[in-house]
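Biologist: I would like to go through this model one feature at a time. Please give the general idea before each case.

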Amino acid sequence: MISKKLFLGLFLILISISCYAQNTSNTTDFWNNVRFGGGLGFGLTNGGFNASVAPSAIYQFNEQFASGVSLTFNYAKYDNNKRYAYGGSILSLYNPIPFLQISAELEQLRINQTLSFNNLSTIEDNYWSPALFLGLGYTDRNFTVGIRYDVLYDDDKSIYANAWMPFVRVYF
């Protein structure tokens, strides 16, 4: 006759193996739905330079809806003026039809800038700059190109030239 302790031990081992197997498949499914991408930016002007890096990751819930996070770092130098902007954003992507993408992105950047006036005086300005982008784009597989609008745009505080911005998104 099998003792109660041996039966209980075998029962617990079988339950543990079953739970572990279920947990492993969920983890695999999760990572199969995560897509990585982002953007790079570079610009030269008269006496100026601008570069940005913005990696991001999204979770593809289904064929139509994805959501994720992004990090942003931007450096700009114009004559003797310098600006660092860093922060993050959360974004949602919706494809009502396969080639059309509607997006919303809430971005929060910390701006640290040094403004120099004729090399006589220097002003340091540090502040937070929020942005809420609503966008529309054309999608083909992993690639999207479109336009977005910042509904919180502030001409005095934003690091962007205006509220309308073209964008390119690539996710793998």
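Biologist: Which strands each supply at least two residues of the lining of the largest pocket?

Modeller: This is a predicted model, in which local features need pLDDT of at least 70 and side-chain atom pairs count only at pLDDT 80 or more, while totals for chains, interfaces and linings use all residues. Residues are numbered from 1 along each chain as its sequence is written, and side-chain values use heavy atoms, leaving out hydrogens and water. A pocket is an open set of points on a 1 Å grid over the protein atoms alone where a 1.4 Å probe fits, with protein on both sides within 12 Å along at least five of seven lines; lining residues have an atom within 4 Å of a point. Strands are DSSP runs (E, at least two residues), numbered from the N terminus. Here the strands are β1, β2 (48-60), β3 (65-78), β4 (81-97), β5 and β8.

Biologist: Which strand gives the most to the lining of the largest pocket?

Modeller: That is β8, with eight residues. The pocket has a volume of about 910 Å³, a volume being the space filled by probe spheres set on grid points joined across faces, edges and corners. Among its 36 lining residues, S52, R148, Y160, M165 and P166 are the closest to the centre.

Biologist: How do the strands pair?

Modeller: Strands of a sheet pair through backbone hydrogen bonds, either parallel or antiparallel. Two strands count as paired if DSSP finds at least two bridges between them. In this model a closed barrel of eight strands runs β1-β2-β3-β4-β5-β6-β7-β8, with antiparallel pairing.

Biologist: Which residues of β8 are on its covered face?

Modeller: M165, F167, R169 and Y171 are on the covered face, with W164, P166, V168 and V170 on the uncovered one.

Biologist: Which residues make up the largest nonpolar core?

Modeller: In soluble globular proteins, nonpolar side chains tend to be buried together. A nonpolar core is a set of buried Ala, Val, Leu, Ile, Met, Phe, Trp, Tyr and Cys residues joined through side-chain atoms within 4.5 Å; buried means under 20% relative accessible area (1.4 Å probe, protein chains only). The nine residues here are A85, L109, I111, Y127, A131, F133, I159, Y160 and M165. The largest share, three residues, comes from β6.

Note on methods
Buried means under 20% relative accessible area, exposed over 50%, partly exposed in between (1.4 Å probe, protein chains only). Helices (H or I, at least four residues) and strands (E, at least two) are DSSP runs, numbered from the N terminus.
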